[in-house]
Amino acid sequence: MFTEIRSILNSISEKDAKVLLQSIFMEMKSVEENKIDASAFFEDVKETYGDLVRSVESQQIEATECSSTHIVFGASTSGSLKMAIQENVICFDDIFSIAPITELHEAKGIAKRHEWLDGHLNMEDEESFSYEKNCMNNIEKLSTIPATHPIYIWAGENAHEQTALMFILDQLKHHSNEIIWVNPNKLYDVRYTGEVYSEQLNTLLKDENSQTLLSKDVLHEFEKQWEKLTENESMLRIWEDGKVKTVQVSYFDEFILEMVKEAGGEGDFILAARAVGEVIGNLEQYIGDRFIEYRIIQLALSGKLALQGVPKGMRYFKVKTK
């Protein structure tokens, strides 16, 4: 019973759950004020529960009817892929080139990662609230992949997706499924898969050179790389010479200062959002806009940038070089 209830709750968003709870509370208030009968309230709740159960069952049937499972690392990639194919898609919407990755398959490791992200980046309240639950839900989804499904993992040549690829392969090491790595950089010059359009994703699935069926030896090699990577406690990873490399969290600071100086011209204040955009537009690595925002704030705190406004979000403050 508990497992069924958990599946139902996991099937709806935090926003929808709040709306549902608010509706139930309002009806309960009406019962207390004798505006509606308690039996009518019970029937409404029972009907809502039934609708949710049928919704979950429908989702499970859809997954079972699919012939393959695809794992992606970002909402943009997930949305584009769902437009391109009608298959089971599992999305890990995170940026794996930053923050702790030790024991990422366990609650304590996820909590440690969440603590770092929440303490350094401007996370939305709802995103932060549901972060750990979403991570655990995705890991649980891996265990429900049908044994008959070939598993396609979409990962370009960048620290974000390669770190994520290693993590997923470590979680799948006891699965008997065929595992295929789809590399968009075999056809397209992109920083990460999220920059690939739906039509191009379909092309990649038809292109044999973009897909690699991972042998047991290759899987074992990825496993060793993951073990080595998780031994390092660095909060930042980059892609260099075809490998994921750990670096100091301040690695891009000088580049950020240079971009702010160029964008500011004669020492004018520029909106932090513009500074972040300049860095992203000129940086070959993929580390996410909020990490860049975090480093801009740190540079201001250390006296290397002047700050104007309140840094509660990149649209709310300006910076310039001193």
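This is a predicted model: local features need pLDDT of at least 70, side-chain atom pairs count only at pLDDT 80 or more; totals for chains, interfaces and linings use all residues.

Mentor: Start with a pair of strands. β3 and β4 run parallel, joined by 4 bridges.

Helix α7 covers residues 159-171. It lies across β1, β3 and β4, and runs at about 155° to β3.

Look next at β4 itself, residues 179-182. In a regular strand, side chains alternate between the two faces of the sheet. Both faces of β4 are covered. Ile-179 and Trp-181 are buried on one side. Ile-180 and Val-182 are buried on the other.

β4 also pairs with β5, here in the antiparallel sense, over 3 bridges. Within that pairing, Ile-180 has Leu-213 of β5 as its bridge partner.

Step back to the whole sheet. It is open, with 5 strands in the order β2-β1-β3-β4-β5, and its pairing is mixed. β2 (88-91) and β5 (211-213) stand at the edges. Each has a single partner strand, so one side of each is left without a neighbour in the sheet. On average, neighbouring strands are turned by 25° against each other, direction ignored.

One more helix belongs in this view. α4, residues 75-84, lies across β1 (69-72), β2 and β3 (151-154). Helix α4 runs at about 170° to β2.

How values were computed:
Residues are numbered from 1 along each chain as its sequence is written. Side-chain values use heavy atoms; hydrogens and water are left out. Two strands pair if DSSP finds at least two bridges between them. Helices (H or I, at least four residues) and strands (E, at least two) are DSSP runs, numbered from the N terminus. Axes are lines fitted to C-alpha atoms, for helices over the stretch in contact, and angles run from 0 to 180 degrees between N-to-C directions. Contact means heavy atoms within 4.5 Å. Buried means under 20% relative accessible area, exposed over 50%, partly exposed in between (1.4 Å probe, protein chains only).
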